[in-house]
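Subject: Handover of a structure for your study

Dear colleague,

Please find below the structure that I was asked to pass on to you.

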Amino acid sequence: MCFTHNFWSLTIDGLNNGFLYALIALGYTLVYGVLQLINFAHSEVFMSGGFAGLFLTQWWVGSGTPGGAESIALVVCGTAVGAVTGGTVAFLLERVAYRPLRRRNAPRLAFLITAIGASFFLFSLAGKLFGRDAQGIPTLYGNGKLFSVFGGDVHLYDVIVAGSACAMLLVLDRLVARTKLGQGIRAVAQDAETASLMGVNIDRIISQTFVIGGLLGGAAGFLFGIANNVGYTMGFVPGLKAFTAAVLGGIGNIRGAMLGGIALGLVENWGVTCVRNSWRDVIAFAILVLILMFRPTGLLGERLGRSA
Amino acid sequence: MTVSEAARPGGPTRTRELLQHRELRRLLGWLGGGVLLAVMTGPQGVIGQPTYAISHALRGGHLVTCLVVGVVMWGLSVGWSHGRESVHAGLAEPRAQLRTAWEQPAVRRGFYLVLLALAIFLPRLTGQFWQGVLVEQIGIYALLALGLNIVVGFAGLLDLGYVAFYAIGAYTTAYFTDTLPVHPPFTINPFLVIPFAVLAAMLAGLILGAPTLRLRGDYLAIVTLGFGEIITILAVNLDSITNGSRGAFGIPSFSIRLPSWLGGWHYEWGLSSLPYYYLLLGFTVTILVLFHLLENSRVGRAWVAIREDEVAAQACGIPPVKYKLMAFAIGASTSGFAGVLYASKISFINPSSFTVSASILILVLVIFGGMGSLFGSVVGAAVVQWFFKYVQKNNGAPIPLIHKKLPIDVQDLYMYVGALLILMMIFRPQGIVPSRRRAREISMAEHGIGGADAMAAPVGSPTP
């Protein structure tokens, strides 16, 4: 019974979820790399991207049905607006909530408590300002079947998510590996104090790290919102799973977060062939506890900037 | 300090310029805070009109009031940063006197007796509504906060799924009083459920904590957050065991029946709040005393050592994982204990009472009162819960003195909870009734000495 029923279509859905988890997980892993902080409020960065995309598309589409070039423009602009909003929220979050603590050299417990406080503040504020019922993003394109793989149908949405996620992941990977900014991020992750002695502006690097994570998270928020609904609590469960994905791949490890996200998406979707769909979240959590028990450094090890 | 140092070469004019610049920035910050306050206290949003709430909040008298609040706060903060030294100097003598008085056991005992007397007479002064609040919102949450304080305050760990253990306690009560679809081997009074519930919650805490506490302390936060979510999912989905989202009904109240050879005396706590209040008061005072003893015991000192410097503690032969696990399990069992009281008082339970949000609410009570301060937990529970209940009850009614409505909506409770957490961490991490030791640790950690929490991984653990 397990794994036989709809295997390929579940695999495609799993990849789809996995790419989104990977995008969000990168936000956790990058921030963890430079600050050793689980940024609980990252799930709200994700949510803000969903809301921004929702408002843009609602305003743009109105009551019409877009097609052709307009559809492409809508998806691209929605993702871009989601990303920019996510980046802005992440930037403000670091500025307002975390920087005063960093200045004071506060204990890490204080950071964690602030993070969870910021998460609750932001999602409740969004619920208050934009309404507490979930809303659907208007239809942007005809979500037709493109082709099928071993009987599993691949829809346009799957291609959009996979394509944009792959593009962003590639850009990020090169950015961290090649550019000066990436070098700075790796240096701060390795040893912030030494990095600052070497002339790295830590404040700026941390700020930029938050923005990069926010851009990816916000874009993921919009892409997630196309297929699911946008609402003020939309970030909680994907956020928890993306963190699981980050730990699965090895927290602080960028390629690990990508791999972890995709692996988690797949395992979760295969898992629902064995248990009821309502147990989906339990699978992800069980994976988190199992990794922590047996391989706490994750699949690829914790690596961002660390030697060995 | 850095400002005056930087300004020294330029002479007094540059100092003044720099100061002005700094004050200006601070003013802008407070004005930004005022705008945020206006949005927070503004109207509720409307679906389909994303700008409605913001544009209606930033308008007219409401915005002006909030900006004025911002400016006043700026004035106060400027005054405080200039006058802090003189205020501290002025208060030094009365403070010292107070401290010497406090160090006499007789004064301390008298103070606690007065407080106890107040607590005993308090419900007589209020109506039925507030008596209910005293039990369900304040008493039970004070117990919960005391338990969480062991984890957050004493051990320096973060538990974000604390309510899961509360749920375990409540569902254990439902099970042993035969109000769930599964039937127990024997049915007992809630009083006798207490040991079972405490054991069940402690066991769950040990199972969850054992693998996690070997790792970095912050993994515990996310694992408990997930656990809290899973418990809710289990409670909703295990229809045949927990009765799903409908929950359990008709959980009996506490009762005592002495055997007939002792007179056959019988007492039923029933549905009214007053008997429960005194029961809770008894339990709370007992737990306060127990935890106070624990704080000053070998175990309590081990927790202090781990918080202040885990490596040194380990070098002195204190096994950190064992003591962290102990703190986590004690916190969990207190939560399970509170779950029994809750289930029996309310007489029905369902999964919606045990959400992650409730865990965060309890965390706020601990942080507001003061991490590591037992008395602070009770004060935090009383003040915060009273305030939320007051807002909820008088929502829309004008405040007596200024004859204006309180612009706080009950639906936004968790927004204020989140804001309170951030503000406390930025401005007063030690809480309003700080533990002296914990306050000193935090300020020492800020000067680079020690950790003030147990977030580092123990030496020799799998993660660096």
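The notes below describe what was found, beginning with the conventions.

This is a predicted model, in which local features need pLDDT of at least 70 and side-chain atom pairs count only at pLDDT 80 or more, while totals for chains, interfaces and linings use all residues. Residues are numbered from 1 along each chain as its sequence is written, and chains are lettered from A and ligands numbered from 1 in the order in which they are written.

**Where the chains meet**

In chain B, 48 residues are in contact with 41 residues of chain A; two residues are in contact if their C-beta atoms, placed from the backbone, lie within 7 Å. On the side of chain B that touches chain A, at least two residues each come from α3 (52-57), α8 (190-213), α9 (217-237), α15 (356-369), α17 (413-427) and α18 (436-446). Helices here are DSSP runs of H or I with at least four residues, strands are runs of E with at least two, and both are numbered from the N terminus. The most is given by α9(B), with 11 residues. By class, this side of chain B has 33 nonpolar, 10 polar and 5 charged residues. Ala, Val, Leu, Ile, Met, Phe, Trp, Tyr, Cys and Pro count as nonpolar, Asp, Glu, Lys and Arg as charged, and the others, Gly among them, as polar.

**Helix pairs in chain B**

The axes of α15(B) and α17(B) come within 10 Å and cross at roughly 40°. Axes are lines fitted to C-alpha atoms, for helices over the stretch in contact, and angles run from 0 to 180 degrees between N-to-C directions. The two helices, α15(B) and α17(B), are therefore oblique to each other: angles under 35 degrees count as roughly parallel, over 145 as roughly antiparallel, 65 to 115 as roughly perpendicular and the rest as oblique. Their crossing is left-handed, a term used if the near helix is turned anticlockwise from the far one by less than a right angle, with right-handed used if clockwise. From α15(B), B:S357, B:I360, B:L361, B:V364, B:I367 and B:F368 meet B:Y414, B:V417, B:L420, B:L421 and B:M424 of α17(B). By class, this contact has 10 nonpolar, 1 polar and no charged residues.

A second pair is α8(B) and α14(B) (residues 320-346), which pack at an angle of about 145° with their axes 7 Å apart. Their crossing is right-handed, and their contact has 19 nonpolar, 7 polar and 1 charged residues.

Among the residues that make the contact are B:Y141 and B:A145 of α6(B) and B:A381 and B:W386 of α16(B). By class, the contact has 11 nonpolar, 5 polar and 1 charged residues.

How many residues of α7(B) are buried? The count is 15 of its 15 residues, where buried means that 20 or more other C-beta atoms lie within 10 Å of a residue's own, exposed 12 or fewer, and partly exposed in between, with C-beta atoms placed from the backbone. This helix, residues 162-176, reaches 22 Å from its first C-alpha to its last, close to the 21 Å expected at 1.5 Å a residue; the expected span is 1.5 Å times one less than the number of residues.

For α11(B), residues 273-295, the end C-alpha atoms are 32 Å apart, which agrees with the 33 Å that its 23 residues should span. Its buried residues include B:Y276, B:L280 and B:F291. Among the elements that cover the buried residues of α11(B) are α5 (105-125), α12 (298-308) and α14 of chain B.

**Individual residues**

Most residues other than glycine have a negative phi. A:Q36, which is not a glycine, has a positive phi of about 55°. This residue lies in the loop between α1 (7-35) and α2 (42-61) of chain A and is partly exposed, with 17 other C-beta atoms within 10 Å. B:N243, also not a glycine, has a positive phi of about 65°. B:N243 is in the loop between α10 (239-242) and β1 (255-257) of chain B and counts as buried, with 21 C-beta neighbours inside 10 Å.

Yours sincerely,
A colleague
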